[in-house]
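Thank you all for making time this morning. I would like to walk you through one structure, going from the whole chain down to a single residue.

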Amino acid sequence: MEIEPELPLFAYGTLEIAEVIQAITGRVFDGTPAILDDYARYQLRDANYPGVMPVKGARTTGLLYGDVDNTSLMLLDHYEGDLYERQRLTVVSESGERVLAWVYVIRPERREELTHNEWDPEEFARVHLKTYLSEI
């Protein structure tokens, strides 16, 4: 995958949690709220984490990290594996600015692994985070 550190990273799931992204990259990033329009976030079947796929009219909230370096992007690519592909998509920042950012999107051929249940970040943090961190 091409590396372009000048693009920020939009995180909409477990990567919004500081402990998770730090466990993967060894770094803590400052994130600001942002929205990804026309993508829906669903829980994956038999997993505790989400994925996004295109859905007209949907909105996915997340965090925009502006200072992700090449090494961190490579570590995140490895972590996300072949379930996701990193795509350039436009997100809307907290200030209303449209920003081109990297987003990990479920690969089209793997979308059947998504349920149509919304992923609940609070439930994940409360019920699954400790175990999830021990597994990564």
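Let me begin with a term: two residues are in contact when they have heavy atoms within 4.5 Å of each other. Of the contacts in the protein with a separation of 6 or more, 70% are between residues 24 or more positions apart. Please keep in mind that this is a predicted model, in which local features need pLDDT of at least 70 and side-chain atom pairs count only at pLDDT 80 or more, while totals for chains, interfaces and linings use all residues. Residues are numbered from 1 along each chain as its sequence is written, and side-chain values use heavy atoms, with hydrogens and water left out.

The protein has three helices and six strands, taken as DSSP runs numbered from the N terminus, with helices being H or I of at least four residues and strands being E of at least two. From the N terminus, their order is β-α-β-β-α-β-β-β-α.

Now to one residue, L15, which sits in the loop between β1 (9-11) and α1 (18-25). Is L15 buried or exposed? With a relative accessible area of 6%, L15 is buried, a word that means under 20% relative accessible area, with exposed being over 50% and partly exposed in between (1.4 Å probe, protein chains only). Leaving aside neighbours within four places in sequence, the residues in contact with L15 include V20, I24, Y65, L76 and Y104.
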